Amino acid sequence: MRFAVNRLSDTAGEVVGLDCAGPLDAETLAALKRAMLDFPVVAIRSQTLTPRQQAAFSRQLGPLEAQDRKTYCHPDDADILILSNEIRPDGSAVGIVDAGDFWHSDSSHLEEPCRATVLYAVRNPTTGGDTEFINMYQVYDALPAELRRRIEGRHGIHHISKTRNPRVTVSTARTDAVAYYKERETATRDMLQPMVRTHPETGRQALYVSPRFTIGIADLADAEAQPLLDRLFAIMLEPRFRYRHRWRDGDLVVWDNRCLNHQACGGYSLPDIRRMHRTTIRGDKPFYRPAA
């Protein structure tokens, strides 16, 4: 199966002419994986996928990470997480309404964060609903030399609970959010991740912190750690490192969490509906290997 890859930016590529509803042959799958290394964000256009077809496609990229929010998993396949602002007649939420509301790399609070995220646009709102990405390769390359030296070999402290992080807020749109994050506050432990992460396939270095999950720096008092994180976040949030994806109907977007931050941009509200189906590809333990 042949397909074309068009450059959207230094960070993103567009795949056209690929049907992901059925199994991909070995040559096509290898070509897609190469495109995913060339472009950390790959938008596969014009897909029509059932939840089971999306899950089957995703498993071709690697084993899937189990979803921890079982309430919002799709009934046809438990590996599909529903992200949506839809509300049922009884008032319950169809999906997670506040997913991706601050800059982050998916599941960096886990010992083995997910390698890639696969997000399928089931229903796009008439306005808003974009997703922005930060290329963390580019951010690392742009850091002043003295700042690189301060963070190389150090570890950031990551945690899932928003209630432990003064840089973020808990959404009022999700009624169970405060209770969930309070429970997570004590039920999950701090996770140390290298602040500079070596990509296991490209060998490139990327800054690996986020305002959403990084709450401190190991072996560094907060009086020194927090200003250092603020300085890093100020650099990474410069617009020059961003790609903004404006979703089209049928978009299947795959991104590499090892070298990106992303956030949902919002900008829509009921009765306008945004519904996405998400799968995540299991990863491995992040590491830092100094350049030779």
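Modeller: Rings of Phe, Tyr and Trp, the last taken by its six-membered ring, are counted as a pair if their centres lie within 6.5 Å. In this predicted model, that rule gives two aromatic pairs. One of them joins Phe-133 and Tyr-243, with ring centres 6.3 Å apart. Planes under 30 degrees apart count as stacked, and the planes of Phe-133 and Tyr-243 stand at 25°, so this pair is stacked. Phe-133 belongs to strand E7 (residues 131-135) and Tyr-243 to strand E13 (residues 242-245), so the contact ties together parts that are 110 residues apart in sequence. Residues under 20% relative accessible area count as buried; Phe-133, at 0% relative accessibility, is therefore buried, and Tyr-243, at 10%, is therefore buried as well.

Phe-133 also pairs with Trp-255, their ring centres being 5.1 Å apart. Planes over 60 degrees apart count as edge-to-face, and the angle here is 65°, so the pair of Phe-133 and Trp-255 is edge-to-face. This pair again links distant parts of the chain, since Trp-255 lies in strand E14 (residues 252-256), 122 residues from Phe-133 in strand E7. Both Phe-133 and Trp-255 are buried. Through these ring pairs, Phe-133, Tyr-243 and Trp-255 are linked into a cluster.

Two further tyrosines have an arginine over the ring face. Arg-148 lies over the face of Tyr-140, at 4.7 Å from the ring centre, and Arg-204 lies over that of Tyr-137, at 4.0 Å from the ring centre.

Terms used
Residues numbered from 1 in each chain as written. Predicted model: local features only at pLDDT ≥ 70, side-chain atom pairs only at ≥ 80, totals over all residues. Heavy atoms only, no water. Helix = DSSP H or I, 4+ residues; strand = E, 2+ residues; numbered from the N terminus. Buried < 20%, exposed > 50% of the residue type's maximum accessible area, 1.4 Å probe, protein only. Lys NZ or Arg CZ within 6 Å of the ring centre and 35° of its normal.
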